Amino acid sequence: NKNIVLEEYTGIYCVYCPDGHKLAQDLKNANPNDVCLINIHTGSYAIPSGGDPDFTTQWGSALASQSYLAGYPAGSVNRRTFSSFSSNGGSAMSRGDWSSAATTIMGESSCVNVAAESSIDMLTRELTVNVEAYYTASSTASSNKLNVALLQNNVEGPQTGGSSYNPAQVLSNGNYNHMHMLRHLLTGQYGVSIDTTTQGTFISRTYTY
């Protein structure tokens, strides 16, 4: 069946975002092999002031815009628009609806298996990602998009509301331990095209960063 990619739009000054982080992690913990979390720092709550770090990326604004989010934290589950959960007519939903949306998608069969394996050359600082996809059934679309995202765990920094809504992520020095933070999209803003999506199609791609 299908897996889940939950993209959470967040920011270091968003008071309730840590509650979203916790709910997302609870969803992953309940489905450890079926859920991928991506935290996208974007919007006014993510713009740093003073000496605070900048966790935004060149991709965040467009990703948030295409979701039609109405507030923070918001999240998109597989970028699907659920009419009963949509907060503003797009794929973005409030945090209380992520689990229901995920349950629906995880109950659906998938037409394609996707796997990735990566390695890092510590001398050259080059990341190599090998991706394979195999269509066990034909896709309903004649073209699909392949997206490869680089995430980072255990990024120390500030977070408003962390001690109140997700104290388990607060470090002994008072800073917040940010997880699955979007750092880069190796395949660009909207991915690369797979133009043959019929049953039996095998795709092998390699990306470096």
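V129 sits across from Y207 of strand β12. The structure is a predicted model, in which local features need pLDDT of at least 70, side-chain atom pairs count only at pLDDT 80 or more, and totals for chains, interfaces and linings use all residues. Residues are numbered from 1 along each chain as its sequence is written, and side-chain values use heavy atoms, with hydrogens and water left out.

Strand β5 (residues 126-135) and β12 run antiparallel and are joined by seven bridges. Strands here are DSSP runs of E with at least two residues, helices are runs of H or I with at least four, and both are numbered from the N terminus; two strands pair if DSSP finds at least two bridges between them.

Now to helix α2 (residues 60-67), where G60, L63, A64 and S67 are buried, that is, under 20% relative accessible area with a 1.4 Å probe and protein chains only (exposed is over 50%, partly exposed in between). These residues share one side of α2, because they span an arc of only 95° around the axis, judged by the directions from the helix axis to the C-beta atoms. Their cover includes β1 (4-10), β2 (35-41), β3 (74-77) and β10, with contact meaning heavy atoms within 4.5 Å.

Q189 belongs to the loop between β10 (181-185) and β11 (192-194), and its 17% relative accessibility makes it count as buried. Leaving aside residues up to four places away in sequence, Q189 touches Q58, W59, A62, L63 and N147. A polar atom of the Q189 side chain lies 3.3 Å from the backbone oxygen of W59.

What about aromatic rings? Three aromatic pairs turn up in a search of the whole structure. Y45 and Y72 have ring centres 5.8 Å apart and planes at 75°, so they pair edge-to-face; the rule asks for centres within 6.5 Å, and planes under 30 degrees apart count as stacked, over 60 as edge-to-face and the rest as tilted. Since Y45 is in the loop between β2 and α2, and Y72 in the loop between α2 and β3, the pair ties together parts 27 residues apart in sequence. Y45 itself is partly exposed, at 36% relative accessible area.

Conventions. Polar contact = N/O pair within 3.5 Å; in protein donor to acceptor, adjacent residues only side chain to side chain. Phe/Tyr/Trp six-rings, centres within 6.5 Å; stacked < 30°, edge-to-face > 60°.
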